[in-house]
Amino acid sequence: MSSLLTFLIILSFNFQLNFIYSIAFLVMCLGLVSSSRLILKAHVPSEVIVGVVLGVITQLTIPIFKYYKM
């Protein structure tokens, strides 16, 4: 969920598109999914945070390699 949200934000910045409603919807969905996993005790908070961070990092690697040509 976080990787999709990050992808949409990067897409919005790169092509100057207005995805404000889609981004807001995905932020709400990410919050609902994360909180439901915590409420159902399927994960602990550190697992949810690591999952969100990994989702963001995986989507940020492509623009970094694109602009800095590592």
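## The largest pocket

Helix H2 (20–39) and helix H3 (45–68) each supply at least two residues of the lining of the largest pocket, helices being DSSP runs of H or I with at least four residues, numbered from the N terminus. The model is a predicted one, in which local features need pLDDT of at least 70 and side-chain atom pairs count only at pLDDT 80 or more, while totals for chains, interfaces and linings use all residues. Residues are numbered from 1 along each chain as its sequence is written, and side-chain values use heavy atoms, with hydrogens and water left out.

A pocket here is an open set of points on a 1 Å grid over the protein atoms alone where a 1.4 Å probe fits, with protein on both sides within 12 Å along at least five of seven lines, and lining residues have an atom within 4 Å of a point. The lining of the largest pocket includes Met-1, Leu-30, Arg-37, His-43, Glu-47 and Val-52, and its residues divide into five nonpolar, four polar and two charged.

## Helix H3

H3 has 24 residues and reaches 34 Å from its first C-alpha to its last, close to the 34 Å expected, where the expected span is 1.5 Å times one less than the number of residues. At Leu-60, H3 bends by about 25 degrees, and Pro-63 follows within four residues; the bend is the angle between axes fitted to the seven residues ending at a position and the seven starting there.

Val-48, Gly-55 and Pro-63 are buried in H3, which is to say under 20% relative accessible area with a 1.4 Å probe and protein chains only, whereas exposed means over 50% and partly exposed lies in between. Helix H1 (2–15) and H2 are among what covers the buried residues of H3. Just after H3, Lys-69 takes a positive phi of about 45 degrees.

The buried residues of H1, among them Leu-5, Leu-8 and Ile-10, pack against H2 and H3. Ser-12 is also found in H1, and it counts as buried because its relative accessibility is 14%. Not counting residues up to four places away in sequence, Ser-12 touches Leu-17 and Phe-19, contact meaning heavy atoms within 4.5 Å.

Just after H1, Gln-16 takes a positive phi of about 55 degrees. Asn-18 lies in the loop between H1 and H2 and counts as exposed because its relative accessibility is 66%.

Note on methods. Nonpolar A, V, L, I, M, F, W, Y, C, P; charged D, E, K, R; others polar.
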